[in-house]
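Subject: Structure handover

Hello,

Here is the structure I promised you. Please open it first, then read my notes below.

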Amino acid sequence: MAEQQRDQGDGRGTREGAQDVPEAWGRSALPEEARAWEALVATARRTVFEGLVVGTSGNVSVRVGDTVLVTPSGVPYDRLAPDDVTGVDLAGRQVLGTLLPTSELPMHLAVYRTTDAVAIVHTHAVHATAVSTLVPELPTIHYMAAALGGPVRVAPYATYGTDELAENMLRALADRTGCLLQNHGTITYGATLDQAYDRTAQLEWMCRLWLTASSVPGLTPALLSREQVAEVGERLRGYGQQG
Ligand SMILES: [Zn+2]
């Protein structure tokens with residue numbers, strides 16, 4: 001698919017000219033979009049290398065102005081090249097590239113429309129997804145829940161790619177920068193790709209921690225109170241981090 005896109009791109013004429021074409025889908029990437037795409041691809045590859053994603057089961061996006069760059073559907077991240085840049089506007093209309101954007105675009109757009117997110121990471125990480133099948137909220141096993149805004153909720157199940165799932169997700173994300181998606185996975189956002197990625201890694205780690213502690217026969221892990229988590233949230237904000 002990546003090859004196909006490049007062939008079409010080569011046949012489209014000069015790249016400077018293409019930038020001025022008003023019609024959506026035909027323009028070429030601005031320099032800042034090209035840089036953001038490079039960072040997006042690096043982040044997407046990291047989700048695979050670090051075991052948060054198997055194959056192409058997750059997706060990553062980053063916002064540049066009113067354009068959302070997003071991983072295309074079904075293309076392995078190691079095959080994504082600079083010319084594969086895929087972008088949509090906030091209404092979901094394709095403005096960059098010819099590859100099909102991820103089918104989970106409605107979730108990404110819902111977050112960008114309603115929060116100050118600049119980057120979003122969505123995965124099917126195994127421990128987080130396991131927890132999503134067990135509880136309506138991740139038990140407060142660790143104070144790092146505060147880095148996601150507080151106890152992490154689980155959005156009720158809906159079919160992937162639907163507006164219903166996006167709505168369930170937005171409710172679970174209220175005052176949070178991450179949530180679990182029941183029988184599906186994780187979604188986190190941040191002011192940068194690195195921050196969104198780190199929040200996903202922290203969330204997966206906390207889920208793994210709770211599963212590990214709660215699987216010891218005859219023992220039940222101690223949990224933190226909401227007040228204890230909130231106190232850490234205050235402290236983190238004091239250090240200049242977003243809650
Ligand atoms: Zn998914």
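**What I found**

A155 has L181 in β7 as its bridge partner. The chain passes from β6 through α6 to β7, and this β-α-β crossover is right-handed. Right-handed here means that, with the strands pointing away from the viewer, the path from the first strand over the helix to the second runs clockwise. Helices (H or I, at least four residues) and strands (E, at least two) are DSSP runs, numbered from the N terminus.

Two notes before you go on. Residues are numbered from 1 along each chain as its sequence is written. The model is predicted: local features need pLDDT of at least 70, side-chain atom pairs count only at pLDDT 80 or more, and totals for chains, interfaces and linings use all residues.

**Overall**

The chain has eight helices and eight strands. Of its 243 residues, 41% count as buried. A residue is buried if 20 or more other C-beta atoms lie within 10 Å of its own, exposed if 12 or fewer, and partly exposed in between; the C-beta atoms are placed from the backbone. Take the contacts between residues at least 6 apart in sequence: 66% join residues at least 24 apart. Two residues are in contact if their C-beta atoms, placed from the backbone, lie within 7 Å.

**The sheet**

Eight strands form an open sheet with mixed pairing, in the order β4-β3-β2-β1-β5-β8-β7-β6. Its edge strands are β4 (94-96) and β6, and each pairs on one side only. Helix α7 packs on the sheet and touches β1, β5, β7 and β8; its direction makes about 145° with that of β8. Axes are lines fitted to C-alpha atoms, for helices over the stretch in contact, and angles run from 0 to 180 degrees between N-to-C directions.

Strands of a sheet pair through backbone hydrogen bonds, either parallel or antiparallel. Two strands count as paired if DSSP finds at least two bridges between them.

Start with β7 (residues 178-181). Strand β6 (residues 154-155) pairs with β7 in the parallel sense over two bridges. Between β7 and β8 the pairing is antiparallel, over four bridges. There, L181 has G185 as its bridge partner in β8, and G178 stands opposite T188. β7 and β8 form a hairpin with three residues between them. N183, in the turn, has a positive phi of about 50°. Both faces of β7 are covered: G178 and L180 are buried on one side, C179 and L181 on the other.

Now β5. Five of its five residues are buried, so β5 is largely enclosed by the rest of the structure. A119, V121 and T123 point one way, I120 and H122 the other. β5 is joined to β8 by five bridges, and the two run antiparallel. I120 has Y189 as its bridge partner in β8. β1 also pairs with β5 in the antiparallel sense, over four bridges. N59 stands opposite H122 in that pairing.

Which residues have the most contacts inside the largest nonpolar core? They are L40, L69, I120, M169, C179 and L180, in a core of 58 residues. Helix α7 gives the most to this core, with seven residues. A nonpolar core is a set of buried Ala, Val, Leu, Ile, Met, Phe, Trp, Tyr and Cys residues joined through C-beta atoms within 7 Å. Leaving aside neighbours within four places in sequence, I120 contacts V60, S61, H108, V111, I187, Y189 and A196.

M169 is also one of the buried residues of α6, with L165, A166, N168 and A172. Seen down the axis of α6, these fall within an arc of 165°, so they line one face of the helix. The arc is that of the directions from the helix axis to the C-beta atoms. They pack against α4, β6, β7 and β8. The face turned away carries the exposed residues D163 and R171.

In α4 (residues 105-114), the buried residues are L105, M107, H108, L109 and V111.

**One loop**

L223 is in the loop between α7 (193-214) and α8 (226-238). L223 counts as partly exposed because it has 16 C-beta neighbours inside 10 Å. Beyond residues up to four places away in sequence, L223 touches P139, T140 and I141.

Best wishes
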